[in-house]
Every structure is written in structure tokens, then in C-alpha cells.
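Open the structure in your viewer and keep the sequence panel beside it. The tour goes from one selection to the next.

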Amino acid sequence: MFALFLGNLSFYVEQSPSIVSITRGDSDTLKCMLKNTAYSYMYWYRQQPSRAIEALFYSTGEGLATNYTSESYQAKRPSETTFTLELKGASPSHTAVYFCACSSTHCLS
């Protein structure tokens, strides 16, 4: 068993759950909700122990998600205010702090 931690550094997004313990091979979903903002761009990042932060996905609106990773993640944007990150086939290499963010413009290339 290993843990996933969610970073919560922004006034404009709320992530849940805050800590996830998951067994190898299992799946789980992290949820990010926009609050008190009209910002439409949403992002998922992760930071593994002793490594730089890396972009996983971004979304420009409902139903849209662009993938920056080849790992076993799937992101969905079921509404304008919700962006989920699903981890499939968990392994110890997925141990990280996961961050959701939002912006008024797209800031990744």
C-alpha cells in the first residue's frame, strides 16, 4: 500500500480527497472543483519525491482534456467546474503529491 497526497495551494480550486492510500493494481479518482472563479482552464500536476513538478493534463472546457503523460492516468472534465484524475493500475511509482490548478488563459505549451 502507498499514499497519494493532494496539494491545495489555491483559493480557486478544491481537491478531494486530501490523502489517498491505494493498493498496487487498484484504481482511484481524484477530484478538483473550481470555486469562486470564472477561470476556465484547469490543470493536473504531480510532484514525485525528490523530483520536479510535472504537468499531467490540462483542460480548456467541459468534455476536453489534453494528456501530457504516457502513464496510466485518465482525466475527465464532466462539467465546467469539475476536473477528475483517475489513476489506473496503481504502483509505487505513482506515489506523489498531486496538484490541481486553474487559470484564465492557457499557460502550457
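This is a predicted model: local features need pLDDT of at least 70, side-chain atom pairs count only at pLDDT 80 or more; totals for chains, interfaces and linings use all residues.

Residues are numbered from 1 along each chain as its sequence is written, and side-chain values use heavy atoms, with hydrogens and water left out.

Select Cys32 and Cys100: a disulfide joins them, S to S 1.8 Å. A disulfide here is a pair of cysteine sulfur atoms within 2.5 Å, and the count comes to one. Cys32 lies in strand S4 (residues 28–34) and Cys100 in strand S10, so the bond ties together parts 68 residues apart in sequence. Strands are DSSP runs (E, at least two residues), numbered from the N terminus. The torsion about the S-S bond of Cys32 and Cys100 is about -80 degrees, so this disulfide is left-handed. Cys32 is buried at 0% relative accessibility, and Cys100 is buried at 6%. Buried means under 20% relative accessible area, exposed over 50%, and partly exposed in between (1.4 Å probe, protein chains only).

Move to Ser104, in the segment after strand S10 (97–103). Ser104 is partly exposed, at 46%. Its C-alpha atom is separated by 6.1 Å from that of Ser40, 64 residues apart along the chain. Leaving aside neighbours within four places in sequence, Ser104 is in contact (heavy atoms within 4.5 Å) with Tyr39 and Tyr41.

Finish at Thr84, in strand S9 (residues 82–87). Thr84 is buried, at 15% relative accessibility.

Definitions and conventions
Helices (H or I, at least four residues) and strands (E, at least two) are DSSP runs, numbered from the N terminus.
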